[in-house]
Amino acid sequence: MRAPRALFPVLAALFATAVLAAPAQAAPLAGKYVAIGDSYTTAPGTRTYDNPNDACRRGPLTYTRLWAASHPSVAFVEAACSGAKTADVLTDQVPLLTADTTLVTIQVGGNDVGFVDVLTNCILTIDDRDCVNGVELAKQAANAYLSPALAQVYAAVRAKAPSARVIVVGYPRIYTIRGNCGIFGLSDTERNALNSAADTLAAVMAQRAAEAGFTFLDARPIFDPHTLCSSGTKWLTSLEWDKINESYHPNAAGHRDGYYAALNSLTAGVRGVA
């Protein structure tokens with residue numbers, strides 16, 4: 001039996017309403033972001049962790065998490081782990097890259113040259129020369145050991161993620177020289193030496209990044225107005241004896257206003273990334 005002609009407009013309206021009321025399908029993910037690195041990529045310094053007992057020490061306030069949260073259409077893989085060296089990155093983190101990866105950030109190298117030990121020595125030693133000598137050894141290691149190790153890491157990243165935009169993230173200088181640090185703490189000689197180590201790391205990382213065709217995010221000019229002893233808002237944690245593993249890392253503001261802002265600017269408008 002046929003429906004009366006007068007019912008056709010009513011049925012059509014009901015059908016249209018049902019279609020409009022149907023739940024929308026989720027938009028497909030537009031790209032994949034993999035964060036590779038060490039404790040500067042994870043949460044030390046922010047004092048906020050997913051699990052304080054997790055050795056990787058990941059947390060929600062890092063620049064990588066902030067970028068991922070602001071780009072919800074991009075899949076996010078957090079490979080970074082506190083304490084990582086280049087060998088750890090090759091073994092544990094690079095394998096998480098896939099051919100569909102569209103963005104990679106890499107921040108590793110400080111642990112390879114023993115920068116934590118260098119800092120500790122400068123803090124504990126009385127003689128400036130002991131600190132300076134330790135820094136010089138770290139700088140030699142950066143050129144002799146870290147440089148070829150980074151070349152190996154960057155080549156492995158490119159092989160696993162051939163189409164990805166890769167950004168090598170650098171480390172900041174720690175101190176403002178002749179700044180507002182009072183009469184206690186390290187001397188300006190020691191602070192200068194530690195800053196020179198950051199400069200050497202930046203030079204090595206930038207060179208290897210350029211050779212690999214990667215972008216280098218230089219943290220030094222971004223953080224310089226906000227380093228320890230500066231007159232501005234501090235973006236780095238100072239020495240804390242009761243929480244030594246929080247010391248000399250980006251704090252929440254450093255991740256948010258420093259690294260995240262710079263990364264967001266670099267990736268703005270990039271196809272498959274932004």
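**View 1. The left-handed disulfide of Cys56 and Cys81.** The S-S bond of Cys56 and Cys81 has a torsion of about -90°, so this disulfide is left-handed. The model shown here, and in the views that follow, is a predicted one. The sulfur atoms of Cys56 and Cys81 sit 2.0 Å apart. As for where the two ends are, look for Cys56 in the loop between strand 1 and helix 2, and for Cys81 in the loop between strand 2 and helix 3; the pair therefore ties together parts that are 25 residues apart in sequence. Cys56 has a relative accessibility of 14%, so it counts as buried. Cys81 comes out at 17%, and so it is buried too.

View 2. The angle about the S-S bond of Cys122 and Cys131 is 85°, and the link is right-handed.

**View 3. Helix 3 alongside helix 5.** Here you can see helix 3, which covers residues 86-93, packing with helix 5, which covers residues 128-160. Their axes are 9 Å apart and meet at an angle of about 15°. Angles under 35 degrees count as roughly parallel, so that is the word for how helix 3 and helix 5 run relative to each other. Their crossing is left-handed. On the helix 3 side, the contact is made by Thr86, Val89 and Leu90. Helix 5 brings in Tyr145, Leu146, Ala149, Leu150, Gln152, Val153 and Ala156. Sort the residues of this contact by type and you get eight nonpolar, two polar and no charged.

**View 4. The buried side of helix 2.** Helix 2 spans residues 63-70, and its buried residues are Tyr63, Thr64, Arg65, Trp67 and Ala68. What do these buried residues of helix 2 pack against? Four strands take part: strand 1 (32-37), strand 2 (75-78), strand 3 (103-107) and strand 4 (165-169). Helix 8, residues 252-267, is on the list of partners too.

Technical notes. Residues are numbered from 1 along each chain as its sequence is written. This is a predicted model: local features need pLDDT of at least 70, side-chain atom pairs count only at pLDDT 80 or more; totals for chains, interfaces and linings use all residues. Side-chain values use heavy atoms; hydrogens and water are left out. Axes are lines fitted to C-alpha atoms, for helices over the stretch in contact, and angles run from 0 to 180 degrees between N-to-C directions. Angles under 35 degrees count as roughly parallel, over 145 as roughly antiparallel, 65 to 115 as roughly perpendicular and the rest as oblique. A crossing is left-handed if the near helix is turned anticlockwise from the far one by less than a right angle, and right-handed if clockwise. Contact means heavy atoms within 4.5 Å. Ala, Val, Leu, Ile, Met, Phe, Trp, Tyr, Cys and Pro count as nonpolar, Asp, Glu, Lys and Arg as charged, and the others, Gly among them, as polar. Buried means under 20% relative accessible area, exposed over 50%, partly exposed in between (1.4 Å probe, protein chains only). A disulfide is a pair of cysteine sulfur atoms within 2.5 Å.
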